[in-house]
Amino acid sequence: MSRDNAIVIGAGMGGLAAAMRLAAAGLAVDLFDAGEAPGGKMRTFPSAAGPVDAGPTVLTLREVFDDLFADCGLRLDDHVSLVREPVLARHFWPDGSTLDLTGDEAADAEAIAALSGARAARQFRRVSAETRRLWAAFDAPVMRAPRPRLAPIAVRVAADPALLRAMAPLSSMAGHLHRRFDDPRLAQLFGRYATYVGAAPARVPALLSLVWQAEARGVWRVEGGMGALAAAMARAAESLGARLHQAAPVARIEDGPCVVLEDGSRHAAGRVVFAGDPRALHAGLLGPAPAAVVPRAGVEPRSLSAVVMAFAATPRGVDLHHHNVFFGADPKTEFGPIARGEPPRDPTIYVCAQDRGTGRAPPTPERFETIVNAAPLPPTEESPPWFDRTIPLLARRGLHLDPAPGQRETATPRDFARRFPGSLGAIYGRSPEGTTATFRRPTARTAMAGLYLAGGGVHPGAGVPMAALSGKHAADAILSDRPSTSTCPRTATPGGTSTGSPTTARAPSRSSGS
C-alpha cells in the first residue's frame, strides 16, 4: 500500500473540501458516499418549475471557497457562478411590518429608522459595531484555527476591555439583544442568527450575536442552486485526481486504518477522513474501533432539527425577495415547545423564493423551499402534519400559494435521522448552547491512528463555509502528519464514480457528509 493514499467518507462540504485539498497535494484520494449525488444535506428536488433546493440555501463567507479553489491551483469562478444578493433577507412580522437588510450599515440603519425610529437605528449601529469587534477578535483564533484555545482569546480580551462588554459573558443571546433593542421585533430578528448554528437564542451565550456579521459580509446566490456548488467541488476534486464513489455506503472503520463498505469490500488507506456526523462514531455505528474517539460531551446535547419542504407554486400577496423570513408573534411559542420535543405553535418560517431577487421576472410556477425549526426527534413515530400547518400559517401572514402545492419533497426530523444515522435528526451536530460548547466540539485529529474528522458536527461547526473549513483543518492535519502506512488487508477499489447496486443505493447513509 502506498502511504500517500487517503479515503474520505462523506461527500458533504467537509468531505469534498478535504478531498480537493488532499488530491491537490498529490495524495491518491477515494471518496465514498452513500448518496446518489455529492452534497450531503445539499439536496435538489425535481419540481414542475425545475430543480429546487431542498437543503441549505444561504451561502456566506465566499472567501472560504475562493481560498479553497485557489489553494488547489484553481479559480472558483471557472467552476461555479456566484452572484451577490442585494438584499440579505426580507423580514415580515404578523403586524404587517417588513424590513429588508442589505449588509450596508448606513442603508440598514436608515431602514430600521423607518421601521422603528431614530433610537432603534442608533441601537442597531451599536450592535453592529459590537458584533464587528467580536468577529474580528474570534475569527482567527476560533473559526480559522484547527483547535480553539482559551489562551489567545484571553490575551485578546485582556488587551481590549470593550471586547468583554461586547461579549456580555453572563448573558444569553436573547437577553443581551432585548437589552440592546427597545423594539422586540429587532431583538427577535437578530436573535434568529442563533438558529443558523442550531440553537434557540435564549440557550446560547451572547457571544454568538457575532453570527450576524457572517451574513452582513455578504450573501451569495449560486446559479443553478446550492447543489451546483457541491457538483463543482466534486468535479474539481476529480480533476485533481480524486475518485468519487456514490451510492457506496460505509459499514465500518477498522484499525489500520481500513474502511469496509456495506458490500463487504475492504479498502486500506494511509489516512481516513470521516466527514459524517461524529455522533455516529460515538454510537458505534461505524464499528467498535472508532467508537471511543468522540466523547459524549462532543456530540450532546443535540442541535435543532427542521422540517423542510421543496415544491413549485404560484405566489400571491406579499412581495417576496430571494430570502424571506416570516416571524411568529412571540419566540416563546416557537422555542418553548421545541425544548420539550414538541412541534412549535407559532414558528418562524423561512421561505426561499429561488426564482426571485435576480432582476428577472419569475416564471409561473416558481420554486420554493420552506424551513421550520424543530426538535431533533419528534415525540412519536409519526411526524406531525407540517405541510398542512406551514401553508395555512403563511397564508395568515400574507403569502398565499396557489394552487396548494401538490408534488413536494418533505423532510422531517425523523427523515434526517434516517438519512444520517447517529444524528438523531439534528442537522447542526452538537448544540452550541453553553459557554464551553466551542471547546467541546470534536476537532480534526482523533486518538485513533490515521482517523481524522470533518463536517458540520466538527469544529468550527455548522454552516456551509464552516463545514468547508473543517475539511481544510482535516487536510492540513493529514499533510502535516505524513507519512503513515496501513496494515489493512485490501480488496479491489473500484475506479471512477460508482452508482452502486439498487440494494446499496437504498441503504441508510452512514457516510453522507455535512
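Trainee: Is Phe 181 buried or exposed?

Mentor: Buried means under 20% relative accessible area, exposed means over 50%, and partly exposed is in between, with a 1.4 Å probe and protein chains only. Phe 181 comes out at 2% relative accessibility, so it counts as buried. Keep in mind that this is a predicted model, where local features need pLDDT of at least 70, side-chain atom pairs count only at pLDDT 80 or more, and totals for chains, interfaces and linings use all residues. Residues are numbered from 1 along each chain as its sequence is written, and side-chain values use heavy atoms, with hydrogens and water left out.

Trainee: Which residue forms an aromatic pair with Phe 181?

Mentor: General idea to begin with: a pair of aromatic rings is described by the distance of the centres and the angle of the planes. Rings of Phe, Tyr and Trp (its six-membered ring) pair if their centres lie within 6.5 Å; planes under 30 degrees apart are stacked, over 60 edge-to-face, and the rest tilted. The structure holds ten such pairs. In one of them, Phe 181 is stacked with Phe 190, at 5.5 Å centre to centre and 10° between the planes. Phe 190 has a relative accessible area of 3%, so it is buried. Ring pairs also join Phe 181 and Phe 190 with Phe 124, Tyr 193, Tyr 196 and Trp 212 in a cluster.

Trainee: What lies over the face of Phe 420?

Mentor: A charge sits over a ring if NZ of Lys or CZ of Arg is within 6 Å of the ring centre and within 35 degrees of the ring normal. For Phe 420 that's Lys 41, at 4.5 Å from the ring centre. Trp 93 has Arg 185 over its face, at 5.9 Å.

Trainee: How many residues does the largest nonpolar core have?

Mentor: In soluble globular proteins, nonpolar side chains tend to be buried together. A nonpolar core is a set of buried Ala, Val, Leu, Ile, Met, Phe, Trp, Tyr and Cys residues joined through side-chain atoms within 4.5 Å. The largest here has 97 residues, and Met 13, Phe 65, Leu 229 and Met 233 have the most contacts inside it. Another core, of 21 residues, lies apart from it and has Ile 9 and Met 448 among its members.

Trainee: What does the side chain of His 245 make a polar contact with?

Mentor: A polar contact is a pair of N or O atoms within 3.5 Å; within protein, one must be able to donate a hydrogen and the other to accept it, and residues adjacent in sequence count only if both atoms are side-chain atoms. Here the partner is the side chain of Asp 30, at 2.7 Å. His 245 has 0% relative accessibility, so it counts as buried.
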